[in-house]
Amino acid sequence: MMQKAWFYVAATSFFELVWIFGFNTASEWWHWIPIVAFILVDFHFLTKACAALPTGTVYAIFAAIGTIGTALMDVLFFGQTLSGGKLFFIAVLVAGVIGLKLADGRDEKTQTEGGN
Amino acid sequence: MGWLYVFLAAGFEFAGVAGLNKYSKRKTLLSGAVYLGGFGLSFLFLYTSFKYLQVSTAYAVWIGIGTAGAVLLNMFFFGESKSLSRVASLALIIIGVVGLKALS
């Protein structure tokens, strides 16, 4: 159950990056058709993830991955440089996401043991 | 004027997140409308703010308020865990998101 929920978190984060990339590259009006479709798929997985995990956790991770992804996209596709400052905040974000996954895993365990 | 749009955008993001929580538990027309309408209006106001403010600044403030608000909202109104490790991890994410957006 938990494993499946994290798959939904991964899926919503992935589709988020797809539509952000679309936002940055769309040049014709019809490009917005697949972008809107990807947003709807993204929101579908976001809802699925929140059904099993705390919404606050899912939303914070969703924001974190979107932010890291946009920063990396700027470097990989749009020729920006990756400064030391950016790398530092990416490391802080990754630490937060990992910490959150560990913290929620532990809370889940305590709750189950508590009989809830 | 630009900041008013950023704060409106953050406010509608809270509505979107509350809708997301409700909708993920029980799919009703109302919760679905609050969820999609909240995020839709949030983006609309954020994009409007870009006309008045620097994109990276507006983005950093919006995502910081939005993410922190989303987390607090779920802790206080929807009974999510307030354990120290969870709060500390969430604080790291908010610092990271704001810092990275501010530098972009």
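A:Thr12 lies in helix α1 of chain A, where helices are DSSP runs of H or I with at least four residues, numbered from the N terminus. This is a predicted model, in which local features need pLDDT of at least 70 and side-chain atom pairs count only at pLDDT 80 or more, while totals for chains, interfaces and linings use all residues. Residues are numbered from 1 along each chain as its sequence is written, chains are lettered from A in the order in which they are written, and side-chain values use heavy atoms, with hydrogens and water left out.

**Surroundings of A:Thr12**

- A:Thr12 is buried, with a relative accessible area of 1%, where buried means under 20% relative accessible area with a 1.4 Å probe, protein chains only.
- Leaving aside neighbours within four places in sequence, A:Thr12 is in contact with A:Asp42, A:Phe45, A:Leu46 and A:Phe62, contact meaning heavy atoms within 4.5 Å.

**Interface of chain A and chain B**

- The contact takes 34 residues from chain A and 36 residues from chain B.
- Between them, chain A and chain B bury about 2800 Å², 73% of it on carbon and sulfur atoms; buried area is the accessible area (1.4 Å probe) that two parts lose on being put together, summed over both.
- On the side of chain A that touches chain B, α1 (2–25), α2 (32–52), α3 (55–76) and α4 (84–113) of chain A each supply at least two residues.
- The most is given to this side by α4(A), with 15 residues.

Conventions. Buried means under 20% relative accessible area, exposed over 50%, partly exposed in between (1.4 Å probe, protein chains only).
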